[in-house]
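Biologist: I have not looked at this structure before. Could we go through it by question and answer?

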Amino acid sequence: METQDIEKTVVAQAQSPEATIIGASVTCPVCKTENAPTEQYCGECGFLLSATPGEEAPVFDTSAQPRLTDASGRVYLLHEGENSIGREAVGVLLSDATVSRSHAKLTLEAGTCRLEDVGSSNGTYAGGVRIQPGETVEVSDGAELKFGSAILTLAVPAPAEVEEAVESPEEPAEESPAEEAAAEEVAEPVEESVEIPAEEPEPLGPVAMLVLTTDPEKSYSVMPGANTVGRRGTNTIVLDDAYVSGSHAELIADEGGFWVTDLGSTNGTTLNAETIAPNARMALNPGDEIVFGRTALRFDVPQPEEAPEPPGE
């Protein structure tokens with residue numbers, strides 16, 4: 001019996017429950033190497049598989065985004081708020097047998113990073129010191145973090161500094177005694193204006209949740225803006241499902257509402273039991289059921305808390 005490649009997306013065969021699960025490979029147009037269907041870049045020459053030879057491939061700048069990097073150079077991008085770490089249904093997916101399914105969480109808020117062990121079997125370490133279950137410690141840029149036997153390095157790029165040009169004040173011209181006397185007669189006191197520094201906006205938290213229908217205690221945060229969904233650890237929402245593509249779908253949360261788009265996944269996306277056409281943008285409403293591959297989730301939008309009424313006079 002052959003061992004299935006965990007990097008391949010399983011192709012769902014709906015016509016028969018006994019059908020063999022297969023995955024088609026993608027041939028690199030440059031070096032002719034066979035690649036898994038979920039790969040974006042050729043594993044041999046690094047060419048973008050969706051591009052045409054001779055065309056310039058798009059470059060996405062993620063240099064300012066916090067990240068974890070392992071010894072092989074693999075990068076796990078982090079986002080503001082809570083980042084779950086483990087081996088199953090987490091934001092940072094580590095395929096290491098010594099890592100627990102739900103191992104730890106790393107929270108980024110206002111430039112600070114806090115690491116917490118959530119009851120792992122083989123422990124969480126920061127700088128060689130073990131973190132006790134439930135304990136939270138602050139970690140900084142360059143810290144070496146260990147989850148079981150998996151060792152990763154934290155990188156938190158500093159915000160870009162904006163240099164303000166400061167003009168040197170010009171020296172006032174000297175006035176004659178007669179001009180000074182005339183100025184004193186007409187001068188009126190001027191009230192000094194006090195500038196109140198603008199408050200920095202608080203970082204936005206999750207605006208919606210995806211709740212696993214088979215286990216309502218498991219959920220995924222939907223952040224403002226674009227949220228990518230897929231099986232790769234670089235996605236905003238990582239699903240440990242062999243029927244989910246590496247880059248499967250996208251969720252958008254903006255002022256106009258919530259939207260879901262299937263990105264041409266192998267096994268498709270359904271919304272309330274209706275299959276979404278690839279690259280079609282569909283509106284989401286609270287209570288909708290979305291299925292990515294074979295992972296079914298309920299879309300929930302938390303209701304804002306009402307302000308308490310002032311006490312009567």
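Biologist: Which residues are linked with Lys105 in a network of salt bridges?
Modeller: This is a predicted model, and every value here is computed from it. Side chains of opposite charge can pair when their charged atoms come close. In this network, Lys105 is linked with Glu82 and Glu116.

Biologist: How many salt bridges does the structure hold?
Modeller: A salt bridge needs a side-chain nitrogen of Lys or Arg within 4 Å of a carboxyl oxygen of Asp or Glu. One of them joins Arg114 to Glu109, with the closest N and O atoms 3.2 Å apart. The number of salt bridges in the structure is seven.

Biologist: Are Arg114 and Glu109 buried, partly exposed or exposed?
Modeller: Partly exposed covers the range between the 20% limit for buried and the 50% limit for exposed. Arg114 has a relative accessible area of 30%, and Glu109 has 37% relative accessibility. Arg114 is therefore partly exposed, and Glu109 likewise counts as partly exposed.

Biologist: How many residues apart in sequence are the parts that Glu88 and Arg101 tie together?
Modeller: The side chains of Glu88 and Arg101 meet in a salt bridge at 3.1 Å, N to O. Glu88 lies in the loop between strand S5 (81-86) and S6, while Arg101 lies in the loop between S6 and S7, so the pair ties together parts whose separation in sequence is 13 residues.

Biologist: What is the separation in sequence of the parts tied together by Lys218 and Glu88?
Modeller: These two side chains also meet in a salt bridge, at 3.6 Å from N to O. Lys218 belongs to the loop between strand S14 (208-212) and strand S15 (219-222), and Glu88 to the loop between S5 and S6, so the parts tied together are apart in sequence by 130 residues.

Biologist: What are the relative accessible areas of Glu88 and Lys218?
Modeller: Both values fall between the limits of 20% and 50%, so neither residue counts as buried or exposed. Glu88 is partly exposed at 27%, and Lys218 is partly exposed at 32%.

Biologist: Is Ser100 buried or exposed?
Modeller: Ser100 is found in the loop between strand S6 (92-93) and strand S7 (104-109). Its relative accessible area is 11%. The limit for buried is under 20%, so Ser100 is buried.

Biologist: Which backbone nitrogen does the side chain of Ser100 reach?
Modeller: Leaving aside residues up to four places away in sequence, Ser100 touches Gly86, Arg87, Ser120 and Ser121. The side chain of Ser100 comes to 2.9 Å from a backbone nitrogen, that of Ser121.

Biologist: How many residues lie between S18 and S19 in their hairpin?
Modeller: Strand S18 (residues 249-254) pairs in the antiparallel sense with strand S16 (residues 225-230) over five bridges, and Gly225 stands opposite Ala253 in S18. S18 also pairs in the antiparallel sense with strand S19 (residues 257-262), over six bridges. Glu250 has Thr261 in S19 as its bridge partner. In the hairpin of S18 and S19, the number of residues between the strands is two.

Biologist: Is the pair of Phe258 and Phe299 stacked or edge-to-face?
Modeller: The structure holds one aromatic pair. Phe258 lies in strand S19 and Phe299 in strand S24 (residues 295-300), so the pair ties together parts that are 41 residues apart in sequence. Both Phe258 and Phe299 are buried. Their ring centres are 5.2 Å apart and their planes stand at 65°, so the pair is edge-to-face.

Biologist: Over which rings do Arg281 and Arg294 lie?
Modeller: The charged end of Arg281 is 4.4 Å from the centre of a ring, over which it sits. For Arg294, the distance to the ring centre is 4.0 Å. The ring under Arg281 is that of Trp259, and the one under Arg294 is that of Tyr243.

Technical notes
Residues numbered from 1 in each chain as written. Predicted model: local features only at pLDDT ≥ 70, side-chain atom pairs only at ≥ 80, totals over all residues. Heavy atoms only, no water. Pairing = 2+ DSSP bridges. Helix = DSSP H or I, 4+ residues; strand = E, 2+ residues; numbered from the N terminus. Buried < 20%, exposed > 50% of the residue type's maximum accessible area, 1.4 Å probe, protein only. Polar contact = N/O pair within 3.5 Å; in protein donor to acceptor, adjacent residues only side chain to side chain. Contact = heavy atoms within 4.5 Å. Phe/Tyr/Trp six-rings, centres within 6.5 Å; stacked < 30°, edge-to-face > 60°. Lys NZ or Arg CZ within 6 Å of the ring centre and 35° of its normal.
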